[in-house]
Amino acid sequence: MFGKPKKLKRIPSDLVSYIQIETESIRDANDKMMISSYCLSKLDIVNWYIELLEVGSEKYIVPHSKQHLEMVRDQLMACHKAIMAVKITNPKDRPIIDIRYPKGYDG
């Protein structure tokens, strides 16, 4: 029991998709902060897994290959860049009534 290596949790395969979908639904600064924080926490985990593989840790078993983790890391970095690029509109600047007419409507 004392010398047995600990198996780490797998990174979910839908992680990047989830973050991309949540990025599209950012409405305010709170949404932006929450998804940014989530993305960075997952990026920290991926970087830690990569580091464990590089040093050849015998204390932990990483359930992914280094190539897979590097691919996920690159995707998470791209997601975070997209999150930070989202512009938040001030609710005071939006019109009170915003009617969107279908294309071709002449009124």
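What is the handedness of the crossing of H1 and H2? The crossing of H1 and H2 is left-handed. The legends below describe close-up views of a predicted model.

**Figure 1. Helix H1 packed against helix H2.** The two helices, H1 and H2, pack with their axes 10 Å apart, at an angle of about 160 degrees. H1 is therefore roughly antiparallel to H2, as angles over 145 degrees count as roughly antiparallel. On the H1 side, the residues that meet H2 are Leu15, Tyr18, Ile19, Glu22 and Thr23. Their partners in H2 are Ile35, Tyr38, Cys39 and Lys42. Sorted by class, the contact of H1 with H2 holds 6 nonpolar residues, 1 polar residue and 2 charged residues.

**Figure 2. Helix H2 packed against helix H3.** Helix H2 covers residues 29-55 and helix H3 covers residues 66-85. Their axes come within 9 Å and cross at roughly 160 degrees. H2 and H3 are therefore roughly antiparallel to each other. The crossing of H2 and H3 is left-handed. In the contact of H2 with H3 there are 15 nonpolar, 3 polar and 6 charged residues.

**Figure 3. Helix H1 packed against helix H3.** The axes of H1 and H3 cross at roughly 5 degrees and come within 10 Å. H1 is therefore roughly parallel to H3, since angles under 35 degrees count as roughly parallel. From H1, the residues Leu15, Val16, Ile19, Gln20 and Thr23 take part in the contact. They meet Gln75, Leu76, Cys79, Ala82 and Ile83 in H3. The contact of H1 with H3 divides into 7 nonpolar and 3 polar residues, with no charged residues.

**Figure 4. Helix H2, its span and its buried residues.** H2 has 27 residues, which at 1.5 Å a residue should span 39 Å. The C-alpha atoms at the ends of H2 are 39 Å apart, so the two values agree. Which residues of H2 are buried? They are Lys32, Ile35, Ser36, Cys39, Leu43, Val46, Tyr49, Ile50 and Leu52. These buried residues pack against H3, against helix H1 (15-24) and against strand E2 (60-61). After H2 comes Gly56, which has a positive phi near 70 degrees.

Figure 5. Ile35 lies in helix H2. The relative accessible area of Ile35 is 6%, so Ile35 is buried; the cut-off for buried is under 20%. Apart from neighbours within four places in sequence, the residues in contact with Ile35 are Ile19, Glu22, Thr23, Ile26 and Ile83. Of these, Ile19, Glu22 and Thr23 are among the H1 residues that meet H2, and Ile83 is one of the H3 residues that meet H1. The C-alpha atoms of Ile35 and His80 are 8.7 Å apart in space, and the two residues are 45 residues apart in sequence.

Figure 6. Ile61 lies in strand E2. With a relative accessible area of 39%, Ile61 is partly exposed, because the value falls between the cut-offs of 20% and 50%. What does Ile61 touch, not counting residues up to four places away in sequence? The residues touched by Ile61 are Pro5, Lys6, Lys7 and Leu8. Ile61 and Met77 are 16 residues apart in sequence, and their C-alpha atoms are 24 Å apart.

**Figure 7. Ile88 and Val86 in the segment after H3.** Both Ile88 and Val86 are found in the segment after H3. Ile88 is partly exposed, with a relative accessible area of 34%. Leaving aside neighbours within four places in sequence, Ile88 is in contact with Ile26, Arg27, Asp28, Ala29 and Lys32. From Ile88 to Ile26 the C-alpha distance is 8.2 Å, and the two are 62 residues apart in sequence. Val86 touches Thr23, Ile26 and Lys32, with residues up to four places away in sequence not counted. Val86 and Glu24 are 62 residues apart in sequence and 8.7 Å apart in space, C-alpha to C-alpha.

Technical notes:
Residues numbered from 1 in each chain as written. Predicted model: local features only at pLDDT ≥ 70, side-chain atom pairs only at ≥ 80, totals over all residues. Heavy atoms only, no water. Axes fitted to C-alpha atoms, helices over the stretch in contact; angles between N-to-C directions. Helix = DSSP H or I, 4+ residues; strand = E, 2+ residues; numbered from the N terminus. Parallel < 35°, antiparallel > 145°, perpendicular 65-115°, else oblique. Left-handed = near helix turned anticlockwise from the far one by under 90°. Nonpolar A, V, L, I, M, F, W, Y, C, P; charged D, E, K, R; others polar. Expected span 1.5 Å × (residues − 1). Buried < 20%, exposed > 50% of the residue type's maximum accessible area, 1.4 Å probe, protein only. Contact = heavy atoms within 4.5 Å.
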